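Open the model in your viewer and keep the sequence panel beside it. The stops below say what to select next and what is there.

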Amino acid sequence: MTQKVEATITNQRFNGKTVVVTGASSGIGVGIARRFAEEGANVVLAARREDRLEALAADLGADRTLAVATDVTSQDDVQEMVDATAARFGSLDVLVSNAGTGLGKEFQDTTLDDWRLMMNTNVDSCFFGAQAALPYLKRSRGSIVQIASASGLGGDRMLTAYNAAKGAVVNFTRGLAFDLGRFGIRVNAVAPSLTIGAEHADHPDAAGLIERFNQRRALTGYSTPADIAGAVAFLASDDARFITGTILPVDGGITAGSGQPPLF
Ligand code: NDP
């Protein structure tokens with residue numbers, strides 16, 4: 001199922017600003033990096049697959065991008081990536097902690113390794129990013145946007161470890177907003193639901209999946225990385241100057257529902 005998505009970006013809210021995007025080698029992270037680049041930012045692309053980062057950097061413009069191979073489960077890697085950001089661009093204004101991974105498994109089959117993978121990739125990554133970026137964000141009075149999930153706002157079948165990890169991201173966002181507010185640093189999260197990039201829109205399973213989600217949503221269709229990026233850019237911008245500690249669902253209304261399937 002494909003849908004036409006057109007967005008005309010006329011804002012240049014991030015001219016001269018430097019934005020770090022983790023998980024920028026695929027999916028939502030690519031959309032977020034592209035949006036910030038379109039709005040004038042220097043963009044640092046972080047993930048493990050360096051070839052993909054380099055290709056995106058070339059596409060967005062080598063003069064305003066930096067690709068840094070980073071494993072976000074390693075505090076040293078994240079620190080080095082943030083330091084490389086400052087060395088190249090002289091500041092850090094926005095940290096987008098987007099890197100993450102999911103796992104669909106019955107609880108009884110979930111191993112400690114599965115649990116640790118969810119926590120390390122989805123939660124530790126946000127902690128490491130915030131710790132490393134903090135000295136720079138204090139100087140820029142910048143902001144952090146973390147990518148949570150609808151699965152961090154409620155439970156899903158066969159997603160216990162992911163539910164726990166994204167729930168932690170949600171409440172880490174809220175607590176961190178309080179600790180960093182006194183430095184003028186804002187901390188928010190975006191909570192996507194099923195989001196499909198162009199590369200997966202025609203996958204044979206996509207239509208059925210979208211139809212099942214549409215049963216529980218106010219809007220039909222599906223979100224794309226550009227939809228998530230729009231919400232991230234808003235929260236990172238001065239348009240959201242007095243917004244902190246919020247979790248913004250971008251889910252077609254799925255979390256506005258009672259949880260019941262359609263009655264009529
Ligand atoms: P993808 O699998 O397409 O991309 C995940 C990104 O995270 C990749 O760039 C990957 O890069 C990176 N990543 C994973 N593990 C690591 C690691 N250890 N170190 C560095 N980077 C890592 O996922 P999405 O784009 O769909 O998801 C992005 C975020 O959005 C995630 O946090 C996800 O939980 C969340 N989300 C997604 C939804 C969706 O429907 N797509 C719905 C709700 C939330 P690499 O492999 O190169 O390291």
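**Stop 1: strand β1**

Select residues 18–22, strand β1, which is mostly covered: five of its five residues are buried. Buried means under 20% relative accessible area, exposed over 50% and partly exposed in between, with a 1.4 Å probe and protein chains only. Helices (H or I, at least four residues) and strands (E, at least two) are DSSP runs, numbered from the N terminus.

This is a predicted model: local features need pLDDT of at least 70, side-chain atom pairs count only at pLDDT 80 or more, and totals for chains, interfaces and linings use all residues. Residues are numbered from 1 along each chain as its sequence is written, and side-chain values use heavy atoms, with hydrogens and water left out.

Now show the side chains of β1. Thr-18, Val-20 and Thr-22 point one way, Val-19 and Val-21 point the other way, and all are buried. In a regular strand the side chains alternate between the two faces of the sheet.

**Stop 2: the neighbouring strands**

Two strands pair if DSSP finds at least two bridges between them. Val-21 has Leu-45 as its bridge partner in β2.

**Stop 3: helix α1**

Select residues 27–38, helix α1; together with β1 and β2 this helix makes a right-handed β-α-β unit. Right-handed means that, with the strands pointing away from the viewer, the path from the first strand over the helix to the second runs clockwise.

Within α1, pick Arg-35. Is Arg-35 buried or exposed? Arg-35 counts as buried because its relative accessible area is 16%. Its side chain and that of Glu-39 are joined by a polar contact of 3.0 Å; such a contact is a pair of N or O atoms within 3.5 Å, and within protein one must be able to donate a hydrogen and the other to accept it, while residues adjacent in sequence count only if both atoms are side-chain atoms.

**Stop 4: the core**

Select Ile-32, Phe-36, Val-190 and Val-232, the residues with the most contacts inside the largest nonpolar core, which has 31 residues. A nonpolar core is a set of buried Ala, Val, Leu, Ile, Met, Phe, Trp, Tyr and Cys residues joined through side-chain atoms within 4.5 Å. Helix α7 (225–236) gives the most to this core, with seven residues.
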